[in-house]
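Hello,

Here is the structure I promised to pass on. Could you open it alongside this email and tell me how it reads to you?

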Amino acid sequence: GQEFAKKGKDALKTTVTVEGLVALDVIHDIAKEKQLDLPIINNLYKAIHGKLDPSKMVKALWTREHKAE
């Protein structure tokens, strides 16, 4: 996580096992298919795939609209 925050997508160019990347994609696909609102998964997915600056991810989560969950 810290490496990704520092290096962005370049952190994924590694020979070290990055736990959870495959699971993240699978969970994101299932959530999309089932129309589930999973803000942490959605923001992580966007950050990993270069659609959201990792440094803005926390702000996006903390400033999202509040609703009963």
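Before the findings, one convention: a crossing of two helices is called left-handed if the near helix is turned anticlockwise from the far one by less than a right angle, and right-handed if clockwise. Helices (H or I, at least four residues) and strands (E, at least two) are DSSP runs, numbered from the N terminus.

This is a predicted model, in which local features need pLDDT of at least 70, side-chain atom pairs count only at pLDDT 80 or more, and totals for chains, interfaces and linings use all residues. Residues are numbered from 1 along each chain as its sequence is written, and side-chain values use heavy atoms, with hydrogens and water left out.

The overall picture comes first. The chain has four helices and zero strands. Its mean pLDDT (the predictor's confidence in each residue, from 0 to 100) is 82, and 74% of the residues reach 70 or more. Where pLDDT is low, the predicted coordinates should not be read in detail.

Of the 69 residues, 20% count as buried; here buried means under 20% relative accessible area, exposed over 50%, and partly exposed in between (1.4 Å probe, protein chains only).

Now to the helix pair. H3 (residues 39-48) and H4 (residues 54-62) pack with their axes 10 Å apart, at an angle of about 160 degrees. Axes are lines fitted to C-alpha atoms, for helices over the stretch in contact, and angles run from 0 to 180 degrees between N-to-C directions. H3 and H4 are therefore roughly antiparallel (over 145 degrees; under 35 is roughly parallel, 65 to 115 roughly perpendicular, the rest oblique). Their crossing is right-handed.

In contact terms (heavy atoms within 4.5 Å), Pro-39, Ile-40, Asn-43, Leu-44 and Ala-47 of H3 meet Pro-54, Met-57, Ala-60 and Leu-61 of H4. By class, that contact has eight nonpolar residues, one polar and no charged. Nonpolar covers Ala, Val, Leu, Ile, Met, Phe, Trp, Tyr, Cys and Pro; charged covers Asp, Glu, Lys and Arg; the others, Gly among them, are polar.

Two residues are worth a look. Ile-40, in H3, is exposed, with a relative accessible area of 54%. His-28, in H2, is buried at 13%. Leaving aside residues up to four places away in sequence, His-28 touches Ile-41, Asn-42 and Tyr-45.

Best wishes
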